[in-house]
Amino acid sequence: MEIATRLKNIRQDRDLTQKEIADILKIDIKTYNRVENNRGQLSMQNIVALAAYYKVTTDYLLGVTNTPEPQTQINKEQLYKAFSKASANEKSAIIALLKL
């Protein structure tokens, strides 16, 4: 999906206007309108700002992934449970990798 389409869809899904987004980015509404109509580009700074505002990843906005949320990291408890279920050989291999 093109960034223009993704930006338009996410804005509309949140019932926001182009003017509201332009104001958040501190750019002219005409500039933002050109972005959504695939006739202009946002700066990397503005892409990062929109990702933070929408609470999605920049990869999602750029169309690299269709998953808006960042990949969650395994928590310590899950890691401990997985490690405790590993065989002795698997534990040794994990420890050896951690020492690298």
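Setting aside neighbours within four places in sequence, Glu-36 touches Ala-4, Leu-7, Lys-8, Arg-11 and Gln-18, where contact means heavy atoms within 4.5 Å. This is a predicted model, with local features needing pLDDT of at least 70, side-chain atom pairs counting only at pLDDT 80 or more, and totals for chains, interfaces and linings using all residues. Residues are numbered from 1 along each chain as its sequence is written, and side-chain values use heavy atoms, with hydrogens and water left out.

Glu-36 belongs to helix H3 (residues 29-36); helices (H or I, at least four residues) are DSSP runs, numbered from the N terminus. With a relative accessible area of 7%, Glu-36 is buried, a label for anything under 20%, with exposed meaning over 50% and partly exposed in between (1.4 Å probe, protein chains only). The side chains of Glu-36 and Arg-11 are joined by a polar contact of 2.6 Å.

On to the rings. Phe, Tyr and Trp rings (for Trp, the six-membered one) pair if their centres lie within 6.5 Å, and the pair is stacked with planes under 30 degrees apart, edge-to-face over 60 and tilted otherwise. That rule gives one aromatic pair. Tyr-53 and Tyr-54 make it up, edge-to-face, at 5.5 Å centre to centre with 65° between the planes. Tyr-53 is partly exposed at 38% relative accessibility, whereas Tyr-54 is buried at 3%.

Charges turn up over rings too, meaning NZ of Lys or CZ of Arg within 6 Å of the ring centre and within 35 degrees of the ring normal. Arg-6 sits over the face of Tyr-60, 4.1 Å from the ring centre, and Lys-91 over that of Phe-83, at 5.5 Å.

Technical notes
Helix = DSSP H or I, 4+ residues; strand = E, 2+ residues; numbered from the N terminus. Polar contact = N/O pair within 3.5 Å; in protein donor to acceptor, adjacent residues only side chain to side chain.
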